[in-house]
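Hello,

Here is the structure I promised to pass on. Please open it first, then read my notes below.

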Amino acid sequence: MENNYNELQQVKRRFFALRNGALGELMRRQGATYRIIFGLNLPQLTEIAASTPVSAQLAQKLWDNTTTRESMLLAPMIYPIDEFSRDTALAWTASAPTAEVADILCHKLLRRCSFALSLAQELSQSDNDMQRYIALRLHFNLLPNGIDTAEAMAAAELARNCPLTATLSRSLLTEIEFLKEA
């Protein structure tokens, strides 16, 4: 019966089947601004990604579905790495709405890109707090590569005293200190 639905509809049906209304409601009360929150966790999303065809078109449709939390989280998991361009990476980093989405974007997709380190360096110069957050998160995923650059960036970001990036900057500096001691 599922064959009567297009790929996006099939994915949405999986979201619905695994939904956790209590978690979704808790997220709303804690300030999540998505219109639709299914309350899925990362292992559930990973399971859906494993059974979803890798597709740039479907990933872009999911990313563009900014009203649904799980759509934006799943998109980086199914985008084929060899088709993900630097221009698309810049567009996605400019539109990442939350740290949660940024974390998944970095961990599941951006760190695998050949241009990841230079992208992190470019984003670290942005006036946009979220893009600098992504730069820090991406550097974290790339360690020990670019360790000196990451250290300088994290120290500079910590000095900004930005609420979004402060904790991540401290964590990155702690990790770098550990790596340098080893």
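Start with Thr 149: it is partly exposed, with a relative accessible area of 35%. The scale is simple: buried means under 20% relative accessible area, exposed means over 50%, and partly exposed lies in between, using a 1.4 Å probe and protein chains only.

A word on the source. This is a predicted model, so local features need pLDDT of at least 70 and side-chain atom pairs count only at pLDDT 80 or more, while totals for chains, interfaces and linings use all residues. Residues are numbered from 1 along each chain as its sequence is written, and side-chain values use heavy atoms, with hydrogens and water left out.

Back to Thr 149. This residue lies in helix H10, residues 147-160. Helices here are DSSP runs (H or I, at least four residues), numbered from the N terminus. Leaving aside neighbours within four places in sequence, Thr 149 is in contact (heavy atoms within 4.5 Å) with Gln 121 and His 139. Thr 149 and Leu 117 are 32 residues apart in sequence, yet 9.6 Å apart in space, C-alpha to C-alpha.

Next, the helix pairs. Two packed helices are described by the angle between their axes and the distance between the axes. Axes are lines fitted to C-alpha atoms over the stretch in contact, and angles run from 0 to 180 degrees between N-to-C directions.

Helix H7 (residues 99-108) packs on helix H9 (residues 129-142) at about 40 degrees, with the axes 9 Å apart. That makes H7 oblique to H9. The cut-offs: under 35 degrees is roughly parallel, over 145 roughly antiparallel, 65 to 115 roughly perpendicular, and the rest oblique. On the H7 side, the contact includes Ala 99 and Cys 106; on the H9 side, Met 130 and Leu 138 are among the residues.

Helix H4 (residues 56-64) and helix H6 (residues 86-95) cross at roughly 20 degrees, and their axes come within 12 Å. That makes H4 roughly parallel to H6. Here Ala 59, Gln 60 and Trp 63 of H4 meet Thr 88, Trp 92 and Ser 95 of H6.

Last, the core. Which residues have the most contacts inside the largest nonpolar core? They are Leu 74, Phe 84, Trp 92 and Leu 110, in a core of 54 residues. Such a core is a set of buried Ala, Val, Leu, Ile, Met, Phe, Trp, Tyr and Cys residues joined through side-chain atoms within 4.5 Å. H9 gives the largest share, seven residues.

Best wishes

Definitions and conventions
Helix = DSSP H or I, 4+ residues; strand = E, 2+ residues; numbered from the N terminus.
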